[in-house]
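User: I'd like to learn how to read cavities and helix packing in a model like this one. Can you walk me through it?

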Amino acid sequence: MAQGTVQVTHTGTSRWRRRTGEYASLSAALEAAGDGDVLTIAAGTYRENLVVQRAVTLRGPEGSPGSVRIAPVDGVPLTVRASATVQDLHVEGQDAAAPALLVEEGAPELVDIRVVTRSASGIEVRGGARPTVRRCVVDNPAGIGIAVLDGGGGVFEECEVVAAGQAGVAVRGGAHPRLESCRVHHTSGSGLSATGENSGLEAVGCEVYEVKGSGVQITGRAAAHLTDCDVHRTTADGVTLDTDAVLTLADCRIHDIPENAIDLRSRSVLTLTRSTVRQFGRNGLSVWDPGTRVDANQCEIFDSTGDYPAVWVSDGATAVLDACRVHDVPDALFVLDRGSRVDVVDSDLSQVRNTAVSVSDGATAQLDDCRIREAATGAWFRDHGSGGTLANCTVDATQTGIIVTKGADPTIERCTVTSPAEAGFYVSAGGRGSFTGCRVTGSGGYGFHVLDGCRTTLKKCRTERCARGGYEFAEDGPLVEECASDESGGIRPGGASAAPEPAVQTATQTVGLLSTLPDQRPAAPQDAAPKPSRTSKDVLGELDALVGLESVKREVRALTDMIEVGRRRQQAGLKAASVRRHLVFTGSPGTGKTTVARLYGEILAGLGVLEQGHLVEVSRVDLVGEHIGSTAIRTQEAFQKATGGVLFIDEAYALSPEDSGRDFGREAIDTLVKLMEDQRDSVVVIVAGYTAEMERFLTVNPGVASRFSRTITFSDYVPEELLHIVEQQAEEHEYRLADGTSEALLKYFTALPKGPAFGNGRTARQTFESMVERHAGRVAQVDEPSTDDLTLLYPDDLPELP
């Protein structure tokens with residue numbers, strides 16, 4: 001029953017509609033009221049479930065905010081189904097299965113309402129309702145703060161969610177609200193959440209903080225647009241995007257985040273404009289998966305509190321940074337995995353404790369007109385297939401300007417390295433790359449330091465005031481054209497530096513969580529013989545050292561023995577059996593096919609069968625053009641790059657899809673077959689892919705099967721072999737497995753789902769990296785860790801099974 005009376009006033013003149021009077025209950029007053037009536041509620045507590053179905057005004061007494069309590073024992077306390085005005089009420093709900101304030105129809109105005117409840121949701125908007133909600137407060141520690149569902153919308157102005165047991169604001173089912181100057185905090189779920197196709201959220205001038213979860217979470221094809229918003233003090237990621245989510249952040253501030261400031265996955269797209277990201281514990285931007293993309297313009301990422309790269313792009317994702325600043329971070333930009341790409345234009349990377357730009361595992365980075373300052377390493381292209389272009393960039397005050405290692409092949413054009421402590425450009429361990437119009441000034445070591453006879457090209461480069469010499473490389477070193485130095489001796493024919501001193505790589509600083517700088521090694525004195533390239537026995541030794549792959553090792557060794565004996569028979573004047581060197585590699589991803597292809601090329605080079613033995617890796621996208629004639633040109637270009645080495649075609653079956661029709665992939669196959677015959681002695685071709693698909697591929701052209709007479713099958717790693725890979729990783733990075741950890745890893749790898757996305761060897765490496773990350777989170781809380789604390793990995797460090 002009501003604790004007071006309800007006064008209803010109608011201002012109309014018709015005597016037939018005069019209903020001025022007092023009613024003993026709210027329900028009776030609402031039943032009597034018509035459109036335009038004003039219901040003034042006397043102070044008190046009303047245990048009624050109210051339903052507003054007419055365009056009335058429902059309000060508490062003036063000057064007594066909060067004096068009217070709508071508090072039934074169950075059900076929905078207040079339901080609005082009309083374009084009414086409701087203001088100055090205190091709504092309390094107790095039903096965990098129902099909202100406290102439900103708006104189902106119309107465009108009502110809700111003003112100065114406080115919802116204190118333990119309900120499914122504090123305020124819920126459904127269907128075609130489009131309310132205007134002003135200065136309302138929601139306190140709901142048991143459920144969602146504000147829920148906008150099933151096509152609902154409306155505008156929320158200066159509202160506040162002071163507590164929520166789940167999300168602060170949840171949008172789904174195609175709903176699309178707008179938040180203006182709202183605050184959402186102390187939630188046990190995400191602060192702002194939108195999920196589902198056609199769902200959307202717009203927020204202007206809002207603040208999200210003290211959240212036990214992600215500050216903003218957009219998933220499942222939903223979209224959101226945040227302008228001039230603050231997201232800070234979360235326990236999980238600041239902003240999370242997943243599964244085709246789309247988000248625009250303009251003039252926003254993401255800060256004080258213990259995990260990733262912004263994390264994107266599964267084809268999500270983020271546009272980031274004039275925003276700042278700071279004080280994050282993991283990555284500032286974490287971008288994963290093919291089709292996922294970030295476009296950042298005029299943004300600043302800085303002041304990392306953890307040991308992770310500020311920008312992380314992997315698994316085929318893309319990031320574009322235009323006129324951005326990244327500074328005061330452990331590492332600025334890491335891009336890794338084939339298909340991953342980063343484009344950086346007119347940006348500054350500075351005060352980087354380790355590496356400013358790291359490119360690995362076949363990824364690509366394009367930097368134009370950028371400035372790198374105060375870093376241990378300016379840019380590091382780490383391994384085979386990794387590359388890209390640096391053009392018109394400056395690198396200042398680093399230990400080493402640019403490093404190229406392990407078959408990486410970048411293009412560096414018109415770049416200047418100033419005042420490096422050790423070397424301007426450092427190339428070793430089979431690194432490649434071309435350097436055109438580059439300059440090194442004021443190096444504390446060498447200008448260009450190229451080791452191991454790396455196949456590098458230097459054109460129109462110049463060094464000035466380099467303490468140990470402008471150029472240091474052996475007689476079989478890089479191709480040098482029109483290069484100059486301010487040293488009187490210049491560059492001697494053959495590529496050797498005039499500097500007589502031995503070069504010493506003295507860098508000792510660790511770069512990144514699991515990476516190291518190039519090995520310390522003295523160069524041979526000038527009168528020493530050039531270092532020979534690796535023999536086939538050396539490479540076979542590396543092959544034997546790989547985990548597992550026993551049948552593959554036998555096949556490669558048998559093939560190598562046939563080629564070696566044939567070569568010796570020819571030297572003896574005897575006929576040699578014809579050995580077809582082209583191979584088919586079948587098996588799941590991550591089983592070592594690319595690694596073995598690279599080693600196979602080196603073996604053939606060591607035997608003198610191939611001139612260089614380098615690996616050129618391509619796939620359908622590199623060979624198949626978009627119009628008639630372009631496919632043959634692309635295929636010929638790839639074949640030409642592989643001359644003297646190995647052409648490795650990954651997922652070759654994609655050249656002949658089952659529903660191919662007029663697909664140009666067949667043209668690529670026909671061109672390959674002809675080139676393999678015309679240039680049979682200059683290129684070895686290896687095609688790779690899943691076993692069943694490759695069997696079909698070999699039947700698409702009569703010449704294909706005859707060119708590939710040997711198939712080598714790469715079996716999946718068994719749990720014991722995956723454990724061995726983790727043990728190798730631990731030893732390499734100076735960690736140890738505690739008692740019971742090996743057994744736990746075996747159980748983990750046995751139970752791990754082996755679906756199509758299972759990465760085999762990569763899965764083992766990712767497991768180790770996850771263990772190291774969990775170990776770091778645990779040990780970071782120890783004030784004075786012992787050596788055991790810093791090195792031992794325990795079963796609890798294993799990641800959860802997916």
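User: Let's start with the second largest cavity. Which residues line the second largest cavity?

Analyst: The general idea comes first: rolling a probe the size of a water molecule over the atoms shows where empty space is left. Keep in mind that this is a predicted model. Here the second largest cavity is lined by Ile 146, Phe 156, Cys 159, Glu 160, Val 161, Val 169, Leu 179, Cys 182, Arg 183 and Val 184. Its volume is about 30 Å³. Strands β19 (160–164) and β22 (183–187) each put at least two residues into that lining.

User: Now helices. At what angle do α3 and α4 pack?

Analyst: For a helix pair, look at the angle and the distance between axes, then at the handedness, then at who touches whom. Helix α3 (residues 550–571) and helix α4 (residues 593–606) pack at about 20 degrees, and their axes are 11 Å apart. An angle under 35 degrees counts as roughly parallel, so α3 is roughly parallel to α4. Their crossing is right-handed. On the α3 side, the contact uses Val 552, Val 556, Leu 559, Thr 560 and Ile 563, and α4 brings Val 596, Tyr 600, Ile 603 and Leu 604. That contact of α3 with α4 comes to eight nonpolar, one polar and no charged residues.

User: And where α10 meets α11, how close do the axes come?

Analyst: The axes of helix α10 (residues 719–732) and α11 come within 9 Å, crossing at roughly 130 degrees. That angle makes α10 oblique to α11. The crossing is right-handed. From α10, Pro 719, Glu 720, Leu 722, Leu 723, Val 726 and Glu 727 meet Ser 742, Leu 745, Leu 746, Phe 749 and Thr 750 of α11. The classes in this contact of α10 with α11 are seven nonpolar, two polar and two charged.

User: Which residues of α11 meet α12?

Analyst: Thr 741, Leu 745, Tyr 748 and Phe 749 of α11 do, and they meet Ala 764, Thr 767 and Met 771 of α12. The residues of this contact of α11 with α12 split into five nonpolar, two polar and no charged. As for the geometry, the axes of α11 (residues 741–751) and α12 (residues 761–779) come within 12 Å and cross at roughly 130 degrees, and α11 and α12 are therefore oblique to each other. This crossing is right-handed.

User: One last feature. How far apart are Thr 132 and Glu 109 in sequence and in space?

Analyst: Here you compare separation along the chain with separation in space. Thr 132 and Glu 109 are 23 residues apart in sequence but 4.8 Å apart in space, C-alpha to C-alpha. Thr 132 belongs to strand β15 (residues 132–134). Leaving aside residues up to four places away in sequence, Thr 132 touches Pro 108, Glu 109, Leu 110, Val 155 and Glu 157.

How values were computed: Residues are numbered from 1 along each chain as its sequence is written. This is a predicted model: local features need pLDDT of at least 70, side-chain atom pairs count only at pLDDT 80 or more; totals for chains, interfaces and linings use all residues. Side-chain values use heavy atoms; hydrogens and water are left out. On a 1 Å grid over the protein atoms alone, a cavity is a set of points where a 1.4 Å probe fits but cannot get out, and a pocket is an open set with protein on both sides within 12 Å along at least five of seven lines; lining residues have an atom within 4 Å of a point. Grid points are joined across faces, edges and corners, and a volume is the space filled by probe spheres set on the points. Helices (H or I, at least four residues) and strands (E, at least two) are DSSP runs, numbered from the N terminus. Axes are lines fitted to C-alpha atoms, for helices over the stretch in contact, and angles run from 0 to 180 degrees between N-to-C directions. Angles under 35 degrees count as roughly parallel, over 145 as roughly antiparallel, 65 to 115 as roughly perpendicular and the rest as oblique. A crossing is left-handed if the near helix is turned anticlockwise from the far one by less than a right angle, and right-handed if clockwise. Contact means heavy atoms within 4.5 Å. Ala, Val, Leu, Ile, Met, Phe, Trp, Tyr, Cys and Pro count as nonpolar, Asp, Glu, Lys and Arg as charged, and the others, Gly among them, as polar.
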